[in-house]
Amino acid sequence: MGVLNTTPDSFSDGGAWLDAHAAVRHGLALAADGADLVDVGGESTRPGASRVDAEEEQRRVLPVVRALAAEGVAVSVDTMRASTAAAALDAGAALVNDVSGGLADPSMSGVVAEREAPYVAMHWRGHSDVMSGLSDYDDVVADVRDELAARVQALLAAGIRADRLAVDPGLGFAKTGEHGWSLLAHLDALDALGAPLLVGASRKGMLGALLADESGTPRPADRREDATTAVTTLAAAAGVWCVRVHEVRPSADAVRVVARVLAARGCVAPVPAGSPA
Ligand code: PMM
C-alpha cells in the first residue's frame, strides 16, 4: 500500500501532493512502483494534528480517488468519516482504511457493511490532539490484541463480513516507540484476531529515534527509507498481509525476496488466505 496524503501537514509528505494533478501523478507512480493499493488521505493524523471538516477532507481526496480509480489503480481511502468513506466508494475506492477502527464515527461500520467494502480497522484510542496522553498499557501486546479483538467483534456484529476485514496495530497512535518495537516483535500475537494484518511503520518516529545521531537528534523522516524496508522485510517474513509505505519500490522488492525465500523453503506465498482486497 503506497501512501498518498493530500494534506498540508502530514509528518513526512505534508504539502507535497496538495495539488490534485500532482497527487494523481504520484499515485500513478506508486502503482507503477508495485503498490497493490494507493491509500489516499485528506486528514493528517500526525501527533497533535487537529481535525479538518468533512467538506475539506472530501475536496482533497475525492478528485484524486476518482482519477486514480479511472486509471485502473486500486485505491483505498484513509478516513475516519463515514460520509467520506461512502463518497470515496462512490468515486471508485476499493477499500476503506480507518485509523479509528470505527470508533471515531458511529456510522462507519454501517456504511462499510452495506457496501460490503474491504475495511482496515486500526488500533486507536483517541484523536491525534489527545493521543499522546492515552499511551498507558499494562502489556502493550496483550492490550492492543484485546482492544482490537473487541473492535473486530463490534464490526462483525455491525454486519461487516469477516472476509472483508483486516486489522492494524496502529504504530505511533497512542503508542511510544518502545510500544511500537514490542508490537513489531510480537506480530504473531495478533494472529489470534483471525484477520489479515496491515503494518504502517513507514518513516515513523520510532525509526527516527532508533537512528538518532550522537546528539540524540532523530534521523529526518526522508532518511528513514532503509529502516522502513527492514521493517517490511520482517513484516513479510511474519506473514503480514500488507505494509503501508511512502516509498513503494524497496518494500515491493523486499516482499518479493521474502516470498522467494519462503518458496525455496517449500512454503507457499506468505500472504494469508482471505485477504480482503
Ligand atoms: N498511519 C498513518 C496514517 N494512516 N493507516 C493505517 N492503517 N496504519 C497506519 O499506521 C497509518 C494509517 C500516519 O502516517 P502518515 O502521516 O505517513 O500517513
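This is a predicted model: local features need pLDDT of at least 70, side-chain atom pairs count only at pLDDT 80 or more; totals for chains, interfaces and linings use all residues.
Now, which residues of H9 are buried? They are Val-248, Ser-251, Ala-254, Val-258 and Leu-262. These five cover an arc of only 130° around the axis, so they sit on the same side of H9. Why does that spacing work? An α-helix has 3.6 residues a turn, so residues three or four places apart point the same way.

Away from the buried side, H9 carries exposed residues: Arg-256, Val-257, Arg-260 and Ala-264. Then the helix ends. Just after H9 comes Gly-266, with a positive phi of about 90°.

Let's zoom out to the protein chain. Its secondary structure comes to 9 helices and 8 strands. The C-alpha trace spans about 45 × 40 × 40 Å along its principal axes. For 277 residues, a compact globule would have a radius of gyration near 19 Å; this chain has 17 Å, which agrees.

How much of the chain is buried? Of the 277 residues, 52% count as buried. The chain exposes about 12,000 Å², and carbon and sulfur atoms supply 52% of that area.

Last, contacts. Take those between residues at least 6 apart in sequence: 66% of them join residues at least 24 apart.

Key: Residues are numbered from 1 along each chain as its sequence is written. Side-chain values use heavy atoms; hydrogens and water are left out. Buried means under 20% relative accessible area, exposed over 50%, partly exposed in between (1.4 Å probe, protein chains only). Helices (H or I, at least four residues) and strands (E, at least two) are DSSP runs, numbered from the N terminus. The arc is that of the directions from the helix axis to the C-beta atoms. The radius of gyration is taken over C-alpha atoms; the globule rule is 2.2 Å times the number of residues to the power 0.38. Contact means heavy atoms within 4.5 Å. Accessible areas come from the Shrake-Rupley method with a 1.4 Å probe; for residues, only the protein chains shown count as cover.
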